[in-house]
Amino acid sequence: MSKIKLLANDGIDETGKALLEAQGFEVVTQKVAQDDLINAINEIGYQALTVRSATKVRKELIDACPGLKLIGRGGVGMDNIDVDYARAKGIAVYNTPAASSNSVAELVFAHLYAMCRFIYDSNRQMPVSGNTNFEELKKKYAKGVELKGKTLGIIGIGRIGQAVAQIALGSGMKVVSHDPFIKKADITLDIHGIHPKPVLSIETVSLDEVLKQSDFITVHVPGGKLIGEAEIAKMKKGVCLVNASRGGVIDEAALVAGLNSKHIAHAALDVFANEPKPDESLLKHPNISLTPHIGAATNEAQERIGVELAELIIHHFKK
């Protein structure tokens, strides 16, 4: 087999790159601008293209690049790829749905704790007035709450939702979940030193039940418009929302309105409808904890993604 050229346009972990190169692949990680991608693929003769969320692989590119044999997505969602069209054209499409689950779940809990104890706002205010208004800030942040004993609503109990549930149950939270495709999820509690590992089953309920029962709600769905004004109205007053799935799953205008009315106490956003230029009403809101789409951005997750993607690519071309 001649050497296969692969363009990892949004990068790939060094471990995954080394695995590919050891199997004779030529791996290029230099970023090609979206507008130049078709020419680069055709001129250099790339047979494989891997992306994350930044690079788009649409019908036009697929049609214009007849030599392309494989598209790999490092991560879960493939909304930036015309998957069905590519496969209909005989191009293999792979992703790595399990590799980043724990990283996203831990970020969700980082945001949950940040909201419960006002850490995101305290970190804004302490550098500005911590040495002049220390006592005032102490009073301002003195009404935190604990997660233990509270109800976490998980909308979407796939791999990431189950990873979130695992942490929640281990933290002493009650978990309720809605998922139209899953009736029951068996959650293995990975407790160090405990064997066999205990398993708890969560039976899913209606979306309305999750909205009504939950003190905190986190969404883990592949896209769509899921939570708007009507859904927010069904939630408990003082609810906290987290979105680390897809921008726009929670209607951003409705979210801001809910925060301003105090129906929603806090929100946490890792994803935005208008990336990479999020709406300033979100960025400047005093009750939103913010991160710039870093759910899978841990060293461990990137290595797992790179290795899993490399193994999928190697198997495809070597079979």
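Predicted model: local features only at pLDDT ≥ 70, side-chain atom pairs only at ≥ 80, totals over all residues.
User: What counts as a pocket here?
Analyst: Work on a 1 Å grid over the protein atoms alone: a pocket is an open set of points with protein on both sides within 12 Å along at least five of seven lines. Lining residues have an atom within 4 Å of a point. A volume is the space filled by probe spheres set on the points, which are joined across faces, edges and corners.

User: What volume does the largest pocket have?
Analyst: About 1300 Å³. It has 48 lining residues; Arg73, Gly77, Ser245, Arg246 and His293 are closest to the centre.

User: And the second largest pocket, how much space?
Analyst: About 180 Å³. Of its 17 lining residues, Val145, Phe216, Gly238, Cys240 and Ala265 lie nearest the centre.

User: Switching topic. How many aromatic pairs?
Analyst: Three. Rings of Phe, Tyr and Trp (its six-membered ring) pair if their centres lie within 6.5 Å; planes under 30 degrees apart are stacked, over 60 edge-to-face, the rest tilted. Phe25 and Phe317 are edge-to-face, because their planes stand at 70 degrees, with centres 5.9 Å apart.

User: Are Phe25 and Phe317 buried or exposed?
Analyst: Both are buried. Buried means under 20% relative accessible area, exposed over 50%, partly exposed in between (1.4 Å probe, protein chains only).

User: What about Phe109 and Tyr113?
Analyst: That pair is tilted: 6.2 Å between centres, 50 degrees between planes. Phe109 is buried at 4%; Tyr113 is partly exposed at 40%.

Key:
Residues numbered from 1 in each chain as written. Heavy atoms only, no water. 1 Å grid on protein atoms, 1.4 Å probe; cavity = no way out; pocket = protein on both sides within 12 Å on 5 of 7 lines; lining within 4 Å.
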